[in-house]
Amino acid sequence: MGKNSKTVEAWHFLRNNKRFGYGDGNIAKAGYVYSVEGPVTLCVWGLHASRRAIDALQYAPGAMVGRVVLSGKIIEGDDKLVATHREYLWIADATETLRAFARWSALQVIQHWDAPDFVRRYLESGKESLRSAALSAAEGAARSAARSAARSAAWSAAYSAAENAAWSAARSAAEGAANSTARSAAWSAAYSAAWSDQNTELEKRLMALGEHA
């Protein structure tokens with residue numbers, strides 16, 4: 001964990017109404033610098049964000065995403081940072097983007113189980129008429145770790161709020177991609193590589209939102 005006073009570009013997810021969780025009624029706006037008095041402490045006090053979108057996603061209280069710049073006093077942990085200043089470069093509604101990303105994640109490991117055709121069609125199209133059947137098909141027990149992760153990814157893509165579906169499907173897909181490797185240091189490396197690939201795809205999709213925000 002390190003401290004510095006440089007600026008860091010990062011990702012931050014907001015509630016769908018863009019209100020902060022501090023009880024002060026403030027609404028996030030692009031171009032405004034929000035500040036707190038120090039000292040800041042990870043997970044306790046300060047303005048948080050994550051360098052990688054996939055890391056920020058696990059803390060998301062909603063599907064509004066912001067590209068931010070942190071400055072002032074900054075403390076960095078494993079998957080998030082906290083600072084005394086946070087500016088939003090842009091804010092966008094990522095609901096549909098996150099749902100599409102969840103389906104994409106599930107498709108990356110669909111080969112690990114004998115998914116019915118309508119499951120693949122749902123993951124490829126996102127058609128609401130297929131969602132319930134796809135969800136039911138993915139709820140069954142699986143015989144292997146890779147197969148279980150693949151089904152979990154499909155289930156997550158068809159269920160839950162967009163931010164939760166996206167993070168859960170991505171995690172399951174990364175596990176499914178790694179589960180062909182023995183659970184060892186090699187498994188960890190395979191999982192990390194798959195997780196990094198998930199982040200690359202997610203950030204590409206979110207940056208496209210920013211071009212129109």
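Tutor: Leaving out neighbours within four places in sequence, Leu 57 is in contact (heavy atoms within 4.5 Å) with Phe 13, Leu 98, Glu 163, Ala 166, Trp 167 and Leu 202. The model is predicted, so local features need pLDDT of at least 70 and side-chain atom pairs pLDDT 80 or more, while totals for chains, interfaces and linings use all residues. Residues are numbered from 1 along each chain as its sequence is written, and side-chain values use heavy atoms, without hydrogens or water.

Leu 57 belongs to the largest nonpolar core, which has 26 residues; Phe 13, Leu 57, Leu 98, Leu 202 and Leu 206 have the most contacts inside it. Such a core is a set of buried Ala, Val, Leu, Ile, Met, Phe, Trp, Tyr and Cys residues joined through side-chain atoms within 4.5 Å. Buried means under 20% relative accessible area, exposed over 50%, and partly exposed in between, with a 1.4 Å probe and protein chains only. Two or more residues of this core come from each of β2, α1 (53–57), β6 (81–93), α2 (95–107), α6 and α7 (185–210). Helices (H or I, at least four residues) and strands (E, at least two) are DSSP runs, numbered from the N terminus. In soluble globular proteins, nonpolar side chains tend to be buried together.

Consider the elements in turn.

Helix α6 (residues 162–178) is mostly covered, with 13 of its 17 residues buried. From its first C-alpha to its last it reaches 24 Å, close to the 24 Å expected at 1.5 Å a residue; the expected span is 1.5 Å times one less than the number of residues. For α2, the 13 residues should span 18 Å, and the end C-alpha atoms are 19 Å apart, which agrees. The buried residues of α2 include Leu 98, Phe 101 and Ala 102.

The C-alpha atom of Ala 102 is 12 Å from that of Ala 150, 48 residues away along the chain. Ala 150 lies in helix α5 (residues 145–158) and counts as buried because its relative accessibility is 0%. Not counting residues up to four places away in sequence, Ala 150 touches Val 109, His 112 and Trp 113.
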